[in-house]
Amino acid sequence: MAVNLNDVDLGWGDGETVLSGVTVDLRPGEVLAVTGTSGTGKTTLLSAMAGLLPPRSGEISVDGAALGDRDRAVGLGVVLIPQENGLAAILTAAENVSVAVIATGGTPAEARRRTTDALTAVGLGAQGGQLIEELSGGQQQRAAIARGLALHGAVLLADEVTSELDAANRQKVLELLRAEAERGAAVVLATHDPEAAALCDRELHLADGTATWSRA
């Protein structure tokens, strides 16, 4: 699915506007990097694209239809892997993944299969039965990535998902994101890592409240 932002202004609550005049066309089959230093609005932008933050002005659409709120975005296949992983500490890694699959319409059998495949893909095949609170920070991050991959979204939004990973796991995750694009998903990677950004197809740079194309 294509995601389009047309002259969008974004901000939280009654606070100052974080981003102004953002226009983005996210295409199926590509990996788009969103870059910028901390506090420039990367998470704000991905939150809006996930249906968590309504724009103050402008329009956000998916395949020409208004994005709407988070429930509608989920129904359209928009998957968000948040910077703060959002995992339930009292559940195992496998339970965190399978619950998400079932919540989005997967059968228990599908959930088991997708969970096994996704955890194996991120190198956590042996840790599926461990509680999230028993995993290291990097392992928790990979479990969150596995959950996102298992949902087979049409749009995958990944917010700083390589920040706690070593070089080998970072490369593996970038390859998995590329594989998502190759199956037809539209992928966004918010990152402060220039090496990760360089591996994406295009780069949108955020600074001083605006978004400009470093590579279009």
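Asp208 is exposed, with a relative accessibility of 79% (exposed is over 50% relative accessible area, buried under 20%, partly exposed in between; 1.4 Å probe, protein chains only). The model is predicted: local features need pLDDT of at least 70, side-chain atom pairs count only at pLDDT 80 or more, and totals for chains, interfaces and linings use all residues. Residues are numbered from 1 along each chain as its sequence is written, and side-chain values use heavy atoms, with hydrogens and water left out.

Asp208 sits in the loop between strand 9 (202–207) and strand 10 (210–215). Strands are DSSP runs of E, at least two residues, and helices are runs of H or I, at least four, numbered from the N terminus. The phi of Asp208 is positive, near 55°. Most residues other than glycine have a negative phi. Asp63 also has a positive phi, near 50°. Asp63 lies in the loop between strand 4 (57–62) and strand 5 (65–66). Its relative accessibility is 51%, so Asp63 counts as exposed.

The largest nonpolar core holds 38 residues. Such a core is a set of buried Ala, Val, Leu, Ile, Met, Phe, Trp, Tyr and Cys residues joined through side-chain atoms within 4.5 Å. Helix 5 (residues 137–150) gives the largest share of this core, six residues. Val122, Ile145, Leu156, Val161, Leu177, Val187 and Leu189 have the most contacts inside the core. Contact means heavy atoms within 4.5 Å. Not counting residues up to four places away in sequence, Leu156 touches Val79, Ile81, Gly148, Leu149, Leu177, Glu180, Ala186, Val187 and Val188. A second, separate core has 30 residues, including Leu32, Ile60, Leu80 and Val188.
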